[in-house]
Amino acid sequence: MLSFLKHLNTSASGMAVQSERLRLVSENIANADTPGYRRKLATFEQSFDRRTSAKTVELDQVLLDQSPLREVYDPTHPLADDTGNVTFSNVNMVTEIADAREAQRSFEANLQMFDQSRRMYGAVLDLLRR
């Protein structure tokens with residue numbers, strides 16, 4: 001029973017962090033045209049669940065991408081500075097789409113592991129009932 005919970009807990013933690021990662025990617029995409037917005041990045045850390053003795057993963061930090069913001073010369077823009085430059089976000093849509101796809105695939109892999117563990121445990125219970 002404990003081994004079953006261990007596998008489920010590990011898979012569930014993977015799904016939770018990938019959901020959080022998808023949320024951050026969604027925020028980045030939503031704010032891609034927001035002047036001065038910095039892209040958010042998630043870092044993860046391995047943890048240990050003493051109750052089930054399972055290795056899990058947790059969200060460690062949400063960091064702001066320190067790459068330079070995109071500057072565009074547009075003196076007619078209402079947010080232009082004295083030199084006529086407007087500072088836009090450092091969000092790259094291609095990178096965000098790739099990150100979203102990677103997070104989705106990782107979520108699906110954890111979901112498959114969760115489902116496989118659940119089915120195997122169900123099969124063991126069926127054998128024990130006979």
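Which residue stands opposite Thr87 in S4? Glu71 does.

## Basis

This is a predicted model, in which local features need pLDDT of at least 70, side-chain atom pairs count only at pLDDT 80 or more, and totals for chains, interfaces and linings use all residues. Residues are numbered from 1 along each chain as its sequence is written, and side-chain values use heavy atoms, with hydrogens and water left out.

## Fold and dimensions

The chain has two helices and four strands, in the sequence order α-β-β-β-β-α. Helices (H or I, at least four residues) and strands (E, at least two) are DSSP runs, numbered from the N terminus.

The radius of gyration of the chain is 22 Å, whereas a compact globule of 130 residues would have one near 14 Å; the value is taken over C-alpha atoms, and the globule rule is 2.2 Å times the number of residues to the power 0.38. Along the principal axes, the C-alpha atoms fill a box of roughly 80 × 25 × 15 Å.

## Strands S1 and S2

S1 (residues 40–49) and S2 (residues 54–64) pair in the antiparallel sense over 10 bridges; pairing requires at least two DSSP bridges between two strands. Leu41 stands opposite Leu63 in S2, and Thr43 has Gln61 as its bridge partner there. Four residues lie between the two strands of this hairpin, and Ser53 in the turn has a positive phi of about 60 degrees.

## Strands S3 and S4

S3 (residues 70–73) and S4 are antiparallel, with four bridges. In S4 (residues 85–88), Val86 and Phe88 make up the covered face, Asn85 and Thr87 the uncovered one. In a regular strand the side chains alternate between the two faces of the sheet.

Methods: Buried means under 20% relative accessible area, exposed over 50%, partly exposed in between (1.4 Å probe, protein chains only).
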